[in-house]
Amino acid sequence: MKADAPGGKTSSAQDDYDSPWKTLLERYFPAFLEWFFPAVAADIDWKRGHEFLDKELQKITRRAKEKRRYADKLAKVWRCDGQETWVLVHVEIQAGYEADFAERMFVYYYRLFDRYRLPLASLAVLADEQPQWRPNRYTRHLWECEVALRFPVVKLLDYEPRLAELETATNPFALATAAHLLAQATRHDARQRFISKLALTRRLYQRGWDRQEIIDLYDFMDWLLALPETLEQAYLDEIHELEETTNMRYISSAERIGMKRGQEVGLQQGLQQGLQQGSALVVRRLLRRRFGELPDWVESRLREATTTQLEQWADQVLEASTLESVFPDAGKTETV
């Protein structure tokens, strides 16, 4: 049985696991490396930019045995000495032990190297809840033949003692790490999750980040720290008050509530439309049985009618002697 994923959702019940981590990784890749792998980040010439190579990664992972993971990314960067280098990043947000994780790292590494013959580094971030699981090496040997891959690993659990530091650090992945750890810690304590989520959200407004950064981090936190509906409403009220006092409407609760109400209205409209279409179908069949094929003006009225009108016409079909007598102002409509 799968362990619960962050946010209290089981891995079998949630289809799109990797989006929050992958979105942050794609949008803030330099910050990702600076936070988790500072020595690597320091050796990259960020002024030359970087490029994600998703198609290349798909080519070498297509035949691999797929395990549940959250995000793999392949990026092309330039080192400070001018050398082009590829960085393979595995963000492993799996809630449990995986026996062949190191082997998968090795398989990806040698397939990339075999295909492209470029310098390559593999990095891994483990966000599971097992402190002793730290795969960082894969080896195979027979007689005097040996092959090995050793790769750097970051374990999010190691940041637990530094939670206060994470909440005040300026790197977005510090706050992302804090959100992940708090999601694990509050999985069975909704009230504490509410307190933690509110505190982290307040931190967002104190960072001096631009609006898009705040929204991206909020979306990540909101996905991880899901709340029951009653506490979610209390949380939105707190955020609304915060935005009123700070005059910063970055993640406006009013906007979120408006979106939710819009969804509800859309659902009601959808149901109403379905009812209208069903009623029109019934009236159309009744009319055809009484009067044969229907002219265009009748079809037009059926498409545009309300449910109430359709009910009235259905009653009139039973006693009408002509098609025109079913509809008010039939003569005017027919000439249109």
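**Reading salt bridges**

User: Does Glu299 count as buried or exposed?

Analyst: Buried means under 20% relative accessible area. In this predicted model, Glu299 has 15% relative accessibility, so Glu299 counts as buried.

User: Which residue meets Glu299 in a salt bridge?

Analyst: Look for a side-chain nitrogen of Lys or Arg within 4 Å of a carboxyl oxygen of Asp or Glu. Here the partner is Arg284, at 3.0 Å from N to O. The pair links distant parts of the chain. Arg284 sits in helix 11 (residues 253–291) and Glu299 in helix 12 (residues 296–304), 15 residues apart. Arg284 is buried, with a relative accessible area of 15%.

User: How many salt bridges does the structure hold?

Analyst: There are 14. One of them joins Lys73 and Glu26, whose closest N and O atoms are 2.7 Å apart. Lys73 belongs to strand 4 (residues 71–78), Glu26 to helix 1 (residues 19–27), and the two are 47 residues apart. Lys73 is buried, at 1% relative accessibility. Glu26 is partly exposed, at 33%.

User: What does the salt bridge between Arg202 and Glu238 tie together?

Analyst: Its side chains meet at 3.3 Å, N to O. Arg202 is in helix 8 (residues 190–204) and Glu238 in helix 10 (residues 229–246), so the bridge ties together parts 36 residues apart in sequence. Both ends are partly exposed: Arg202 at 32%, Glu238 at 28%.

User: Which residues do salt bridges with shared partners join into one network?

Analyst: Lys197, Asp222 and Glu232.

Technical notes. Residues numbered from 1 in each chain as written. Predicted model: local features only at pLDDT ≥ 70, side-chain atom pairs only at ≥ 80, totals over all residues. Heavy atoms only, no water. Helix = DSSP H or I, 4+ residues; strand = E, 2+ residues; numbered from the N terminus. Buried < 20%, exposed > 50% of the residue type's maximum accessible area, 1.4 Å probe, protein only.
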